Structures are given as structure tokens and as C-alpha cells.
Amino acid sequence: MPLPSFKYSKRPLCGAKCKRTGLPCKNMPVRSSKANRCRLHGGIVKPRKILRGADHPQYRNKGESSIEREERSKRSAALLYLRDIGDHVKLFNGTKTRGRKPKGYVRLDMSNPEHLFIAIQKTLED
Ligand SMILES: [Zn+2]
């Protein structure tokens, strides 16, 4: 039994034939079906590629999405570079920052002018 929308469509029909009567099927084929078959005769609907769980950009763990976490990590790395520059010019005399270092932070030797330039560049990003 064809669907009501079939009558007005000009798309090709399902290529299957009825076992009993030998008549062709009157349903429309599934769009993704290569063999031109309807949903009743083996047309497979491909599942859409939806990112799930931690892969999804809006997935939240501890109140942050992965994009937000990445940005925060980048900002804290920039702050840490600033702190390193300040330590190098003896701006601070207290203890160093606590905790795990953020992603993307590599300790640089501030007496090396190239490393100092890299650190300044990292703080000026964005
Ligand atoms: Zn069919």
C-alpha cells in the first residue's frame, strides 16, 4: 500500500516486486538507499553522524564545555607566561603559582631572548 504522498511525487519507485502478485511495489525508495528500495523492502536509513558525549562541542563536564575549557587553559597559560616574565624582571618576590600547569604551557628560559620573545608573543595572543 503506497503512502499518500506517493501520488504527487515524480521520484522513481521502489524496485521490489510482490511475491504473490508479481506487481512492483508502489512506495518511494529511501533517499540513502543505493538499491532503490523502500523502507519495507530493505532500504537502509543511514544513522546521522551526531557527535555524542565528550566529542560533542557542547558537552559539559564540571560546568564547562570542551571549547570553554580549552580557552580557559589558553588564558591561564598566557597568565603563567606573564608571571614568568615578571619573575624574570624581579617584579614578584612571593611564591610561584600553585597547581598543575595549564595545557599548552612549556617552561621557557627567560634569560634567552628568543624564549622571552615567544613568551611575550603568547601573552599577546587574542
Ligand atoms: Zn518497496
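**Close-up 1. Four donor atoms sit around the zinc ion in a tetrahedral arrangement.** The angles they subtend run from 100 to 115°, and that is why the arrangement counts as tetrahedral; the cut-off asks for all angles to lie between 85 and 135 degrees. Keep in mind that you're looking at a predicted model.

**Close-up 2. Here's who holds the zinc ion: Cys 14, Cys 25, Cys 38 and His 41.** Read along the sequence, the donor residues follow the spacing C-x10-C-x12-C-x2-H.

**Close-up 3. Cys 25 and His 41 link distant parts of the chain.** The two are 16 residues apart, and each is found in the segment before S1. Is Cys 25 buried or exposed? Cys 25 counts as buried because its relative accessibility is 11%, and buried means under 20%. His 41 has a relative accessible area of 38%, so this one is partly exposed.

**Close-up 4. Now take a look at Pro 29, a buried residue.** Pro 29 belongs to the segment before strand S1 (60-61). With 7% relative accessibility, Pro 29 counts as buried. Which residues does Pro 29 contact, leaving aside its neighbours within four places in sequence? They are Arg 11, Pro 12, Leu 13, Cys 14, Asn 36, Arg 37 and Cys 38.

Technical notes
Residues are numbered from 1 along each chain as its sequence is written. This is a predicted model: local features need pLDDT of at least 70, side-chain atom pairs count only at pLDDT 80 or more; totals for chains, interfaces and linings use all residues. Side-chain values use heavy atoms; hydrogens and water are left out. Helices (H or I, at least four residues) and strands (E, at least two) are DSSP runs, numbered from the N terminus. Buried means under 20% relative accessible area, exposed over 50%, partly exposed in between (1.4 Å probe, protein chains only). Contact means heavy atoms within 4.5 Å. Donors are N, O and S atoms within 2.8 Å of the metal (3.2 Å for Na, K and Ca); water is not among the atoms, so sites may look incomplete. Four donors count as tetrahedral if all angles lie between 85 and 135 degrees; four count as square planar and six as octahedral if opposite donors are over 155 degrees apart and all others between 65 and 115; anything else is irregular.
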